[in-house]
Every structure is written in C-alpha cells, then in structure tokens.
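Have a look at the model first.

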Amino acid sequence: MFSRPSFQYFILFAALLSPSLAKAVDEEEIQWEAISLIRHEGFNNSQLEEILRHLTDHIGPRLTGSPALLEANNYTRDKLEEWGLENAALEEWGPFGRGWSFSRTAVHLLEPRPAPLSALPKAWTPGTDGPVRGEVLRVDLDSDADLDRWRGKLEGKILFLSESKNVSDPDGVEFRRYSDAELSERMIFAPPRARARSGFRDRFRRRWEFGRKLNRFLENEGVLATVDVSSRDAGILRVGAGGSREPGESPGVSSLIMAAEHYNWVSRLLARGETVEMEVDVAAQFHDEDTMAYNTIAEIPGTDKADELVMVGAHLDSWHPSPGSNDNAAGVVVAMEAVRILKTLGLEPRRTIRIGLWTGEEQGLLGARAYVAKHFAARPEPDDQEILKQPSFLWPETWPIDYKPAHGKFQAYFNLDNGSGRIRGIYTQSNAALQPIFEQWLKPFHDLEAKTVTNRNTGGTDHQAFDAYSLPGFQFIQDPLDYSSRTHHTHLDHFDHARIEDLKQASIVMAGFIYQAAMREELLPRKPKPAEPSH
C-alpha cells in the first residue's frame with residue numbers, strides 16, 4: 001500500500017516514462033473562465049431551493065410506482081424543458097410492478113393502559129380497512145418449523161416479530177463534517193476484498209423465497225398486523241419495504257415499523273406475562289393502473305463532439321416515511337441546478353450533456369440499470385424460467401455482454417447521493433489513471449473545500465450501474481452531516497435537514513466537472529471491461 005507521498009513520487013516517475021500521463025499531470029486544460037461564470041451564477045442566481053421545496057413540501061414521498069413519483073417525473077421534465085434543455089422526456093422501463101401509497105397510520109396501546117404508539121407501515125403491505133383490535137403476541141417466524149409451530153394459533157392477533165433493540169449511549173456525534181485528517185486517510189487506497197457474490201445471492205434468495213411464503217401464511221392465518229422494531233433509537237422510524245409489489249402475489253398483512261422505545265416497552269410487558277391489546281389503523285392502497293416506471297431525461301446538445309456523451313444524475317425516488325429531502329431530492333436538485341447553470345450561461349459544450357433522474361434506485365438501482373442496458377451494454381437474460389421470476393439483482397452473471405455503439409462514445413457519468421453535504425472530493429472507482437486529471441479539475445474549487453481525490457470505490461447508488469460495464473461512473477465525497485445518523489430512510493428526512501449553501505457549492509462543483517468532461521479533447525481513461533470467468 002502506498003503512502004500519500006510515495007504515490008505522488010510514483011505518478012511523477014511514471015510521467016517521465018509516459019508522455020500521455022505527463023500530459024494528464026501537467027497539461028490538463030482547466031476551463032477557468034467558464035468556471036468563474038459557473039461560480040457566479042451558482043452562488044447568486046441559484047434556483048435549487050425552489051426545486052427542493054416543491055419536491056419535498058409539495059409532492060412529498062416518491063416511492064417508485066406511486067402517483068407522487070410520476071408527478072415528480074413530470075415536474076422535473078417540465079422544469080428542464082422550461083430552462084431550455086432539449087429532448088426532455090420520460091423514458092419508460094420495467095415492468096416494475098404495483099405502485100403503493102399510504103395516507104393514515106394510527107397505533108394505540110389499549111391494555112394494560114391506553115397510550116399512543118409511534119409506528120409507520122412498510123411499503124407494499126395492505127391497509128387494515130379501518131381500525132382493528134387484537135391481542136399482541138411476541139413470536140419468531142423465521143423458518144418453516146416456526147410456521148408449523150404457530151399454524152392455527154394466530155387468528156385475530158397482532159404479532160411482534162423482532163427482538164428488542166438495545167438502546168445505548170450514543171457513540172458518535174449526530175452531525176459532522178469531514179476533518180482534514182479524515183480526508184487524508186480516505187486518500188490511502190484500501191485493496192478491494194473479494195466478494196462471495198454467489199453466497200450473497202443464495203442467502204438473499206432464501207430470504208426472498210421465505211418472505212413470499214410468510215406473506216401467504218400470515219394472510220391465511222388471519223393475522224391482523226405484524227410489527228418490527230426500528231433499526232434506529234431516539235424515536236426515529238427507519239422504514240423500508242415489506243409485502244410484495246408483484247401483481248397477483250400475496251402482500252401479506254399490514255406490517256409496521258415501531259419506534260424502538262415503544263417496541264421495547266410493549267416487549268417488556270409481554271415478557272412479564274401481561275395481557276397486551278393494541279389497535280391498528282392503516283389506510284394504504286396499491287396502484288395497478290401502470291406497472292411501468294420512468295426516468296426523467298433531458299440534454300444540452302454538443303457541438304463538434306455531439307455524438308459523445310457526458311451524463312449527470314441522481315435518483316428521484318425515495319422511501320415513503322418522509323419526503324426524502326436528503327435521500328435523494330438533494331442530489332436531484334444539484335444535478336438539475338448544474339445543467340441549468342450551464343444552459344443559462346450559454347456555454348456550448350463540445351460533447352452532449354445529458355441529465356438522468358433515475359427511479360427504482362431504492363429497490364436495486366433498477367432505473368439506472370435499465371437505462372444502461374438499453375443504451376450502452378447489457379447481459380443476456382438467464383434461460384431458467386425460475387430464475388427469471390426472482391428479482392433481477394439475484395440473477396447470475398451471464399455472457400457474452402452486448403456492448404452497444406454508444407458505449408465507445410461515453411465520456412463520464414457523475415452522480416450525487418449522500419445527502420445535502422457539500423462536495424469535498426471524488427472517488428475514482430479504482431481508476432488510478434484519473435487521479436491526476438481529477439486533481440486538476442478540483443483546483444478551481446479548493447477554496448470551496450473540495451480537494452480530495454481517492455482511488456477507493458464507493459457503492460450503494462446509481463454510478464455502479466455504469467461502472468459495472470467499465471463506463472466511467474463516479475460518486476462525489478460529501479460531508480456526512482446527519483445523513484446516516486438521522487435522515488437516511490427515516491421519517492425525519494424533511495426539507496429542514498437540507499443545507500442550502502452546501503447544495504449550492506455542490507451544484508457548482510458538479511457543473512464544473514460536467515463542463516470539463518464535455519470540453520476535454522480526449523475520452524477519459526477507462527478500467528478494463530468485465531472478463532468472463534475461464535472456468
């Protein structure tokens with residue numbers, strides 16, 4: 001492993017031997033005049049706060065397949081078109097499955113004493129069709145043997161399915177920015193570990209198959225509702241999916257996530273042998289009118305290299321417990337503001353700049369993966385019909401990869417999806433040839449605290465759909481703020497947690513990177529294409 005000074009000496013030594021690398025280190029052209037204009041426009045005439053307020057306060061949660069997400073698709077398309085971007089459209093992908101939304105949740109303890117309880121439903125689980133009352137049982141339903149043990153004993157019950165959550169003293173701060181020491185440490189490359197993909201797939205497949213069986217069991221047994229504990233304490237509700245979005249498949253029964261402190265209280269009552277009764281009222285509905293989903297697409301046409309492409313994007317969808325301000329309306333408004341700045345300034349990029357606002361990200365980068373498969377590269381579908389019934393991210397790798405002509409004309413994709421913190425640098429996704437280039441591109445933003453280039457990988461969001469096929473796809477390093485501690489997938493992810501000045505800085509850095517990529521003479525260096533295993 002190289003220390004930071006050793007790596008710099010290595011680059012300089014390699015530059016003496018390689019003219020192309022020397023050019024990357026010493027002669028990378030910086031668009032200083034354009035970046036000065038970008039900075040002025042981004043700081044003084046920003047429109048991102050207005051867009052963020054509309055997406056969060058007005059439209060609200062944007063679960064994929066829901067009417068609210070389609071409203072957000074249409075709003076973002078119309079806004080990009082209003083700004084003068086061309087070919088603004090909703091590009092269909094799918095089928096995704098059933099949409100879902102909810103409008104009411106009320107949970108009350110009735111016995112041994114009345115009290116309101118804090119809980120929200122999991123996505124794609126049915127409502128209760130009015131208030132339902134029942135005795136609470138704490139049960140484990142994790143295997144076929146568990147189902148057999150409880151068969152015929154659960155009708156009219158409300159089931160607590162989780163162990164209690166240990167609520168301990170906080171071991172870190174709730175809101176923070178990266179220190180210089182943390183950023184320096186991040187620049188030290190950590191060799192990637194081999195991942196046992198087949199083991200992951202097998203474990204997840206077993207969970208997925210048992211989940212379908214459990215849904216049918218709960219419905220057939222006449223269970224009123226199930227409750228799991230939130231993975232956060234301090235009253236924070238962190239909520240995801242349950243049930244099923246597949247048409248014709250049982251979604252089970254109403255399934256909720258409860259605040260840890262309330263869940264633990266009820267669990268203690270049950271552990272002491274007390275009779276506990278609850279009332280649950282959930283209003284939720286499935287939307288079956290359109291099982292497809294849509295990405296919002298628009299572009300600024302290029303000039304002499306118009307057939308080559310630079311992309312910028314973020315995911316438009318969110319989970320349902322909150323309006324998804326930090327995850328990921330923040331990334332959406334930064335990407336939109338970046339292209340607005342470039343269009344407003346009348347800059348004429350050599351390459352076409354295209355924005356993609358993806359959907360289905362929270363269910364496995366589905367919208368971005370569908371876009372890459374349609375336009376750049378795709379694997380053949382498995383032949384096994386049983387495998388095709390499973391979620392696509394469980395499919396085994398298939399060969400050969402079909403590389404489309406646009407794959408060779410692709411410059412870069414830049415993504416933002418780690419909250420509303422300012423950009424502090426960028427990941428190269430292990431493409432060391434990009435380090436000297438990106439270091440040059442960051443020079444105009446050193447005074448904005450964006451300086452760090454790391455050869456590490458980062459995952460969990462849409463740039464991976466591009467990177468998987470050796471398309472240069474990147475995620476920026478952002479100050480963490482309270483993203484992981486409070487807002488990520490929780491009911492607290494509202495506009496209040498957005499940092500507008502940070503987002504302005506991020507939009508300026510993003511616009512600078514897009515424009516640099518669009519104006520560069522050559523295509524960026526790429527990592528090798530995926531290689532088919534020899535065995």
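## Helices on the sheet

In this predicted model, helix α13 (residues 435-442) lies across β15 (410-415), β16 (423-427), β17 and β18 (473-478). Relative to β17, helix α13 runs at about 165°. Helix α16 packs on the sheet too, touching β11 (305-315), β12 (351-358), β15, β16 and β18. The direction of α16 makes about 175° with that of β15.

| Helix | Strand | Angle |
|---|---|---|
| α13 | β17 | about 165° |
| α16 | β15 | about 175° |

Now for the sheet itself. It's an open one, built from eight strands in the order β1-β10-β12-β11-β15-β18-β16-β17, with mixed pairing. At the edges sit β1 (86-93) and β17 (452-454), each pairing on one side only. Going from one strand to the next, the twist averages 25°. Over at β1, six bridges join this strand to β10 (residues 293-300), and the two run antiparallel. Within that pairing, glutamate 91 has asparagine 295 in β10 as its bridge partner.

Leaving aside residues up to four places away in sequence, leucine 523 touches Glu308, Arg351, Gly408, Phe410 and Gln411. Take glutamate 308: 215 residues separate it from leucine 523 in sequence, while the C-alpha to C-alpha distance is 8.9 Å.

Note on methods
Residues numbered from 1 in each chain as written. Predicted model: local features only at pLDDT ≥ 70, side-chain atom pairs only at ≥ 80, totals over all residues. Heavy atoms only, no water. Contact = heavy atoms within 4.5 Å. Pairing = 2+ DSSP bridges. Helix = DSSP H or I, 4+ residues; strand = E, 2+ residues; numbered from the N terminus. Axes fitted to C-alpha atoms, helices over the stretch in contact; angles between N-to-C directions.
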